[in-house]
Amino acid sequence: MEIRNNINENDELIGYSPCSTYVPIRKPKTFIINLDDPPQTRWNEVVQQHLQFIPALIADLRRQQEEELGPGIISNSIAWIFKKVLVGTGCLSEEVLNELKGIATLTESHGLDFNTLVLLNFGYDFTARCTSAVIEGPSYSNLESRKKTIYLLRNLDWESKPLRQLTIEVNFQRQGKTVFRAITFAFFIGILTGVKFPTDGNGGFSISLNYRKISDSLFGAFGRVIDSKASKVSTCIREVLETCITYEQAVDVLATKLLVAPCYLIVAGIEEGQGCIITRNPGTEENRISLLPNDSFHIGSYRYLVQTNIDHWRETPLPIAHDDELLMDANERRKAAAQSCDLLEQFAKNANFTKKTEIANWFQGCWEILLQRPVLNRHTIFSSILIADENPQNPIRTCVINNINHL
């Protein structure tokens, strides 16, 4: 990666990598979800503007079911089973259920019924392959002080082309004020990527979810839901963004909550040292690595953090990865992102971040971490940069990757 001084300062100080010259990208549309509105109606505008994409989404869901469960499985039966398990055990809160029911009233006539909608929302916790990085950088909201803050960089990879048309940014509000913002998908009420801004003197934080596969199948989650009433990971993240007010609170909940699936939870705060990767089993935290606080050193801490879909202490995927392309190349994605983080860190040591051009070059470096092969690949849905200490009304820096089959 090379940091260049060719950024147009009128481009909102976001420097896209050279990939943007051959990869079509766009910004996602932003919607406001008013949490004061009844759950049954708060997603209406989002749903109505995406009804045309339902047929492609349903076809893709059926393809994924056959790949996960084998051919010959009846889609409607699987959806009914998922709904009975999730609704009957209390895994989904009343508010979440009412949101899904409200969405279903608009989508059912287009082929997306309530049962399938529940299955769709459950499956998101199990199939996303991603790259996330946490790195310290300049505080764009407070340049003169030379204060540093924490950046969360995120690529979401998914073998599902329809999701590119469904990717949206959502501003969740209560009483007219932003509670948190997220990058998500139409028809999906959980959160995989989100940011909580500082309020009343309390620090903000951002979160991303990366898929982890150990030795479990989709059916293993049924047992955990039935036995322990574990939480869906994506709805747990949404609850954390909505209710926790500090980085420390968020990390504590994400590390201890009973979950239906193993995963990696990447969390970034706003102060030096506030960044970690939590490696989760469904019931417990297995491992945690953190950013270095104030340039000190202690075991388990790093200058930056990179997480793909492989345990950070492993060099090769587990045998259960089989022929899963995005699991098999997880280590290559991690190495490429780490090398670029090294270069960006070296640039930062000599940069004068009171100058807009230097800030622009920093953002270009962030984009180049995300928009380089193999971190960027033919399954990448979107790339995002999340900064929790910015103005809550500022959009998340996100580009949706439209079509990159040639990669």
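**Notes on helix packing and the sheet**

1. Let's start with a helix pair: the axes of helix H11 (residues 330–350) and helix H12 (residues 356–370) come within 9 Å and cross at roughly 170°. Axes here are lines fitted to C-alpha atoms, for helices over the stretch in contact, with angles from 0 to 180 degrees between N-to-C directions. H11 and H12 are therefore roughly antiparallel (angles over 145 degrees count as that). Helices (H or I, at least four residues) and strands (E, at least two) are DSSP runs, numbered from the N terminus.

2. Before going on: this is a predicted model, where local features need pLDDT of at least 70, side-chain atom pairs count only at pLDDT 80 or more, and totals for chains, interfaces and linings use all residues. Residues are numbered from 1 along each chain as its sequence is written, and side-chain values use heavy atoms, leaving out hydrogens and water.

3. Now the sheet: 6 strands form an open, antiparallel one, in the order E1-E15-E14-E4-E3-E13. Two strands pair if DSSP finds at least two bridges between them. Strands E1 (25–26) and E13 (304–307) sit at the edges with a single partner strand each, so one side of each has no neighbour in the sheet.

4. Look inside the sheet too: E4 (residues 148–157) and E14 (residues 380–387) run antiparallel, joined by 7 bridges. Asn 155 has Ser 383 in E14 as its bridge partner.

5. Both helices meet this sheet. H11 touches E3 (129–138), E4 and E13 (contact means heavy atoms within 4.5 Å). H12 lies across E3, E4, E14 and E15 (397–401), at about 145° to E14.

Technical notes. Angles under 35 degrees count as roughly parallel, over 145 as roughly antiparallel, 65 to 115 as roughly perpendicular and the rest as oblique.
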